[in-house]
Every structure is written in C-alpha cells, then in structure tokens.
Amino acid sequence: MPKLKLTYFDFHGGRGEPARLALSIGGIPFEDDRVSPSDWERRKPNTPFGALPVLEVDGQRLAQSNAINRYVGKLTDLYPTDAWQAALCDEVMEAVEDIGTKIAATVFLPDEEKAAQRKALVEGPIPFYLARLQQRLEAHGVRYFAADRLTVGDLKVFVWIRHLKSGVLDHVPPDLPDRVAPMLVDHYERVKNDPRVQAYYAKHGVTG
Ligand SMILES: N[C@@H](CCC(=O)N[C@@H](CS)C(=O)NCC(=O)O)C(=O)O
C-alpha cells in the first residue's frame, strides 16, 4: 500500500471529507493533515491548483477532489469496477461539485449580498439538485447511487446533505432536504448509520 497523506481544512465536511471517510472505512492508514485558516496562505502556493484537498501518494501529489475520491475509492473497494456503474458514481460526484461550487461562491460575500444570493439558491438551484439527485437515486437502486453498494459517490452526496441539514449555512433552511427530497434524506440516514461511518465520527468525537 502506498504511503498516503490527505491534506484538507480542519473541519468535518467539504471536499476532503469523502476521501477521509473512504480511507477510514477501508481501514487504510493515512496521515490526516488538517490545515488551519491561519496556515493556509503560506501553504496555498505549494498545492497543484492553489486549493485543497490534496492527496500525497508516496510523495507525489494529486489534486481535485473527485480524482482523489476515485483513487481512494479504488484502493478501498468503494468505487465500482463495472464501467457503467463507475460512470453513475462519477455522475453524482460531479453533480455535487456543481451545486457545491455555487454555494461556496457565496461564503465570503458581505451579509446583504450573501442573503440575496442564498435566497436565490434556496428558491432554485438547491432544490433542483436535491430533486434531481433523488431521481437518480430512484432510477439506479434506491439504496445506493451505483453498484447497489456504498461507494465514494454515496459518501460525497452524504457529506453535502449533512452540510445542508447541519444548519451552518445562513439563509438555507436545514429542513430543505426533508421537504424536497425525502428519499435522499433516507439515503443520508443509511450512510450515517453505517457502522463504519459511525466509527469514523465517534473516533473524531463528533456526535449527531
Ligand atoms: N475543483 C477543486 C476545487 C477545490 C477548492 O476550491 N477547494 C476549496 C476548499 S473546498 C479551497 O481550497 N479553497 C481555498 C482557496 O481557494 O484558497 C476540487 O474539486 O478539489
């Protein structure tokens, strides 16, 4: 097994979280390098695209969260081996990137502008992606998004729904997923209650 170091920001979510979860579920040791905001400016120029996550594999660096997810998914058997099922897994990971990027663009806006843009997201793109992800889940297995088993695609959707439901996003009602996409919330509960996922959060002292 290669020597792995996963660098991401120091919180339980975001683009680095699916790979952390996958490596933990797969029982693959890795250095969990968590960057504090105060250290980021110094470290940013030394990343391939000026952003995180970055995975170091035997000293070589890999950027782009979904490339990392696919790679660790293959190491941990959390990525489908069948080409079509793998494509379905990719599809949902890219969809979460699309909506995640729209939401991330509002994070550092001044209050009034943020409220207006978040309101527009809540009235359009967020319910749209929730509903369409639910449709894809329904079409491809109901329990999981691909291959009828847990994959990195499920972990990426889980992390997004967890973020929405946490209530940390100002102006985004935390019950939006429950109202718009109850099957997606069932899927979120399924992943959350997976003993391997529970063990990960218990290890990090995260409850709820
Ligand atoms: N397409 C990239 C986007 C990476 C990205 O924007 N990461 C954010 C954190 S989730 C970041 O590093 N932000 C800090 C910055 O851009 O300075 C990926 O999927 O990894």
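Where in the structure is Asp77 placed?

1. Asp77 sits in the loop between α3 (65-76) and α4; helices here are DSSP runs of H or I with at least four residues, strands are E runs of at least two, and both are numbered from the N terminus. The phi angle of Asp77 is near 60°, a positive value in a residue other than glycine. Asp77 counts as partly exposed because its relative accessibility is 48%; buried means under 20% relative accessible area, exposed over 50%, and partly exposed in between, with a 1.4 Å probe and protein chains only.

2. On the basis of the model: it is predicted, local features need pLDDT of at least 70, side-chain atom pairs count only at pLDDT 80 or more, and totals for chains, interfaces and linings use all residues. Residues are numbered from 1 along each chain as its sequence is written, and side-chain values use heavy atoms, with hydrogens and water left out.

3. Asp148 also has a positive phi, about 55°, although it is not a glycine. Asp148 belongs to the loop between α6 (125-140) and α7 (152-166). With a relative accessible area of 57%, Asp148 is exposed.

4. A side-chain N or O atom of Gln64 is 2.6 Å from a ligand nitrogen. Ser65 places a side-chain N or O atom 2.7 Å from a ligand oxygen, and a polar side-chain atom of Trp40 is 2.8 Å from an oxygen of the ligand. Of the 510 Å² of accessible area that the ligand has on its own, the protein covers 67%; areas come from the Shrake-Rupley method with a 1.4 Å probe, and for residues only the protein chains shown count as cover.

5. Thr47 lies in the loop between α2 (37-43) and β3 (54-57) and is buried, at 13% relative accessibility. Its side chain reaches the backbone nitrogen of Gly50 at 2.9 Å. Leaving aside neighbours within four places in sequence, Thr47 is in contact with Trp40, Leu52, Val54 and Arg61, contact being heavy atoms within 4.5 Å. Pro53 is also in the loop between α2 and β3, and a cis peptide bond with omega of about 15° joins Leu52 and Pro53.

6. The largest nonpolar core has 54 residues, and those with the most contacts inside it are Ile126, Leu130, Leu133, Leu155, Trp160 and Leu184. Such a core is a set of buried Ala, Val, Leu, Ile, Met, Phe, Trp, Tyr and Cys residues joined through side-chain atoms within 4.5 Å. Helix α4 (residues 83-104) gives the largest share of this core, 9 residues. A second, separate core of 6 residues includes Tyr8, Val35, Leu52 and Val54.

Note on methods:
A polar contact is a pair of N or O atoms within 3.5 Å; within protein, one must be able to donate a hydrogen and the other to accept it, and residues adjacent in sequence count only if both atoms are side-chain atoms.
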